[in-house]
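Hello,

Here is the structure I promised to pass on to you. Have a look at it first, and then read on for what turned up in it.

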Amino acid sequence: MHRSDPLQPLSRQHHIALVFAKTLRQWERLDPPPDPGEKRVVGEAAHRFWEVELVPHFRAEEEGLLGRWHRPGTDSLVTRVLQEHVGIHRVAQRLGRCLRQADIESAWEEALRLGQCVNAHVRFEERHWLPELEAEMDADLLAEAEHGIGHALDPEAAERALPPRPDRERIGDEH
């Protein structure tokens, strides 16, 4: 979907988040399944992606876009965006706790859940929230938003934080 120029950096970051989610789905379908060492590496990478990419990304959306959008806080789109941000933070916090406790199986489950939540959230924002923003915000507000979010988005850092991709020969059927 084509985005207005000011929101294109955000959509590029969304693409990286979808790569993150897809990579985790691929790990989930491995045959044979990942061993505990692989699960630990992927779990740690998923947590690092949350710290490096998702925390600043959410902050940029909340401060740079929601803070400029003239909709009441009780609006259903605003509420959903914020609730999903909080939900993803909670999954990532559980993932971090499991990693610190060396509970690799629970960390693995939380990493997979993080990928699922990120995938659903990005698709919601791209299909519903960003089109509403573009329709309702004038060019000046969008330009302010671009300045507000641009400093927080670092595609190179996000790409470096992605979990390693699994060996292609071990990935099960995509369907």
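**The cavity and its surroundings**

The largest cavity has a lining of 13 residues, and those nearest its centre are Ala17, Leu54, His57, Phe58 and Val122. Please keep in mind as you read that this is a predicted model. The cavity has a volume of about 60 Å³, and the count of cavities of 30 Å³ or more comes to 1.

Which helices supply the lining of the largest cavity with at least two residues each? They are helix H1 (8-28), helix H2 (36-66) and helix H4 (104-136). H2 gives the largest share of that lining, with 5 residues. By residue type, the lining of the largest cavity divides into 6 nonpolar, 4 polar and 3 charged residues. In case you wonder how such a space is found, rolling a probe the size of a water molecule over the atoms shows where empty space is left.

**A closer look at threonine 23**

Helix H1 also holds threonine 23. Is threonine 23 buried or exposed? Its relative accessibility is 2%, so threonine 23 counts as buried, the cut-off for that being under 20%.

Leaving aside residues up to four places away in sequence, threonine 23 touches Pro163, Pro164, Arg165 and Pro166.

**The chain as a whole**

Stepping back, the protein chain has 6 helices and 0 strands, so its elements read α-α-α-α-α-α from the N terminus on. Along its principal axes, the C-alpha trace spans about 50 × 30 × 25 Å.

How does the radius of gyration fit in, and what would a compact globule have? For 175 residues, a compact globule would have a radius of gyration near 16 Å, and the 17 Å of the protein chain agrees with this. Buried residues make up 48% of the 175 residues. As for contacts between residues at least 6 apart in sequence, 85% of them join residues at least 24 apart.

Enjoy exploring the model, and do write back with any questions.

Best wishes

Key. Residues numbered from 1 in each chain as written. Predicted model: local features only at pLDDT ≥ 70, side-chain atom pairs only at ≥ 80, totals over all residues. Heavy atoms only, no water. 1 Å grid on protein atoms, 1.4 Å probe; cavity = no way out; pocket = protein on both sides within 12 Å on 5 of 7 lines; lining within 4 Å. Points joined across faces, edges and corners; volume = space filled by probe spheres on them. Helix = DSSP H or I, 4+ residues; strand = E, 2+ residues; numbered from the N terminus. Nonpolar A, V, L, I, M, F, W, Y, C, P; charged D, E, K, R; others polar. Buried < 20%, exposed > 50% of the residue type's maximum accessible area, 1.4 Å probe, protein only. Contact = heavy atoms within 4.5 Å. Rg over C-alpha atoms; globule rule 2.2 N^0.38 Å.
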